Amino acid sequence: MKLRGRILDVACLNRFTRVVTTISKLTKVCVLRLTPDNLFFVLSGKVANGGIGMWCELSQANVFDEYQMEGVSSEDNEICLEVTPENLSRALKTVQSAKAVKVKLTKKHCPCLTIAAELPTMSSTSRVVTHDVPVDIVPRRLWHEFKEPSMPDFHVSVYLPPLKTMKNVVDRMKNLSNFLVMEANLIGEMNLKIETDLVSVTTHFKDLGNPPWGDDASQDGGPSHSREPEAMVQARVDIRKLQQFLMGQQVNPSKAMCNIVHERVVHLILLHEDVSLQYFIPAVA
Amino acid sequence: MPLSTQSQADDEQYVLVASLDNARNLSNILKAIAFKDHAIFSATPNGLKVTVEDSKCLQANAFIQAEIFQEFTIREDSVGFQVNLTVLLDCLNIFGGSTAPGVSTALRMCYKGYGYPLTLFLEEGGVVTVCKINTQEPEEPVDFEFCSTNVTNKVILQSESLKEAFSELDMTSEVLQITMSPSQPYFRFVVKNLKLLSTFGNSGNAHYDYPKDSDMMELFRCDKTQTNRYKMSLLKPSTKALALSCKVSVRTDSRGFLSLQYLVRNDDGQICFVEYFCCPDEEVEE
């Protein structure tokens, strides 16, 4: 296994750092998959994670100017590492002003992702900074757990309202209830609802629009075919999980969508430049 | 705007409808009395009075006149209910309570009467949130029997001067002692920590004097020398009202009961009042 990469473009470095920082706010630990073309940050939807699934994909070429990756074998030409994204984020943040950043897979006292850079100083000499971020190699027999999730058979797909507005509302709702119902319909409406013994609060978003794939994806004569466009599809989720997703967002995505499988799962998709982030929140009874 | 297009028919079922273009004109003043979870709302054609009490020794009232509201319709002489104030404030600030210029949350507050929830319609940037908060039968607020005829001493001060002093006060001390007198020291308050007192005597107590001819003093009417003590823990919530206010009136009556009245200007420069009543602390042997 070998990994050697160099980041020379400061915009690419900034963007990569932002992505890693976002991931670090979503999960403490995740899997980093490196293939010849892409990088993936993955969380598989296991009970241990509270059923949360995450899939973040970016192309290697938009991060690295030089990239040499040799996977576990020629048939399985990829590297799979378990990493604490916050450690990686912290290391990257310290080298933002560097002209070149090297990323290598190394073996110190344990396998590490080593981030190394020369930083300019006031004097003519530069300062070399090296961070060894410990990682765990994920054995091949476990790789099946970290495959790209398939698009769920959703009942409705809708564009999300401005994330900042959603975050403000969800932050307040969290003071009032532990659970929140997300519902949406085929005419671009979405509601966020909480209900307790003390209070019920519903926030109504309108004119959001529905992504074009929404029409073909609800297929196979499921309940959706006979559904009226204004009928709401809903899922009840743990409000902290939705809040965590919203807190993590650092940039306004160019596209933000939500697919809901009635009473099963909320699937959030954010696209920004060439980075895509999918987040799955399971419904609770 | 969605809120104002509610039909006439809907309105007829409500005994109280109060609307504001800027919900902060209500939420800010309620924050100044929000030291307990429950508040008693009392509406009359004059406006809204919100009361919060603590252990029958402290009472805070916020008065928002009908003229402050863009719409204030009441179908009975008096409408009263009790709600969870913490929940109400979370609802009024549902869009995050941003203070960005030009951005405000519009509010329409509606109540159908006994047994019905308090319904709030809030709108910001085209997004509407509807809240229904359960109400309870209102408790009878304590009547402190504080009337102007029994007032022995009264001062009106600009809040600036008190704000500085209160920000320096040690809020962990137990007692605030207020002296009002027609002669020196005129108006003084002393922070007392009773435990320290027994070991160190009077030294180490901070005291603040306001002479009657001070710039900050707008009115000084003290007929007799009075010194009273109040539990600091009871007065602490009043500092929120002080922070919002531009003027404060301090009055004591013959029993030593304290009335603090704060003049508060809202975002639109309109005037509202907040009032705190506090019982004196039992005399303690020094």
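**Contacts and Burial in a Predicted Model**

Tutor: The buried residues of helix α2(B) are B:Arg24, B:Asn25, B:Leu26, B:Ser27, B:Ile29 and B:Leu30. Please keep in mind that the model is predicted.

Student: What makes α2(B) largely enclosed by the rest of the structure?

Tutor: Of the 8 residues of α2(B), 6 are buried, and the helix is therefore largely enclosed by the rest of the structure.

Student: Why is B:Arg24 called buried?

Tutor: The relative accessible area of B:Arg24 is 18%. Buried means under 20%, so B:Arg24 belongs in that class.

Student: How do you know that B:Arg24 and B:Asp267 form a salt bridge?

Tutor: The side chains of B:Arg24 and B:Asp267 meet at 2.8 Å, N to O. The cut-off is 4 Å, so the pair qualifies. B:Arg24 lies in helix α2 of chain B and B:Asp267 in the loop between β17 and β18, so the contact ties together parts that are 243 residues apart in sequence.

Student: Is B:Asp267 buried or partly exposed, and what value decides this?

Tutor: B:Asp267 has a relative accessible area of 42%. This value lies between 20% and 50%, so B:Asp267 is partly exposed.

Student: Why is the contact of A:Asp171 with A:Lys167 called a salt bridge?

Tutor: The closest N and O atoms of A:Asp171 and A:Lys167 are 2.8 Å apart, and the definition asks for a distance within 4 Å. Both residues lie in helix α3 of chain A, 4 residues apart, which is about one turn of the helix.

Student: What makes the pair of B:Arg108 and B:Glu71 a salt bridge, and which parts of the chain does the pair link?

Tutor: The N to O distance between the side chains of B:Arg108 and B:Glu71 is 3.5 Å, and the limit is 4 Å, so the name applies. The pair links distant parts of chain B, namely strand β7 with B:Arg108 and strand β5 with B:Glu71, 37 residues apart. At 6% relative accessibility B:Arg108 is buried, whereas B:Glu71, at 25%, is partly exposed.

Student: What makes the ring pair of B:Tyr186 and B:Phe220 edge-to-face, and the pair of B:Phe69 and B:Phe72 tilted?

Tutor: Among the 17 aromatic pairs over all chains, the rings of B:Phe69 and B:Phe72 have centres 5.1 Å apart and planes at 40°. The centres of B:Tyr186 and B:Phe220 lie 5.7 Å apart and their planes meet at 85°. That angle is over 60 degrees, so the pair is edge-to-face.

Student: How do you know that the charged end of B:Arg255 sits over the ring of B:Phe257?

Tutor: The charged end of B:Arg255 is 3.8 Å from the ring centre of B:Phe257, and the distance cut-off is 6 Å. Ring pairs also link B:Phe257 with B:Phe144, B:Phe146 and B:Phe277 into a cluster.

Methods. Residues are numbered from 1 along each chain as its sequence is written. Chains are lettered from A and ligands numbered from 1 in the order in which they are written. This is a predicted model: local features need pLDDT of at least 70, side-chain atom pairs count only at pLDDT 80 or more; totals for chains, interfaces and linings use all residues. Side-chain values use heavy atoms; hydrogens and water are left out. Helices (H or I, at least four residues) and strands (E, at least two) are DSSP runs, numbered from the N terminus. Buried means under 20% relative accessible area, exposed over 50%, partly exposed in between (1.4 Å probe, protein chains only). Rings of Phe, Tyr and Trp (its six-membered ring) pair if their centres lie within 6.5 Å; planes under 30 degrees apart count as stacked, over 60 as edge-to-face and the rest as tilted. A charge sits over a ring if NZ of Lys or CZ of Arg is within 6 Å of the ring centre and within 35 degrees of the ring normal.
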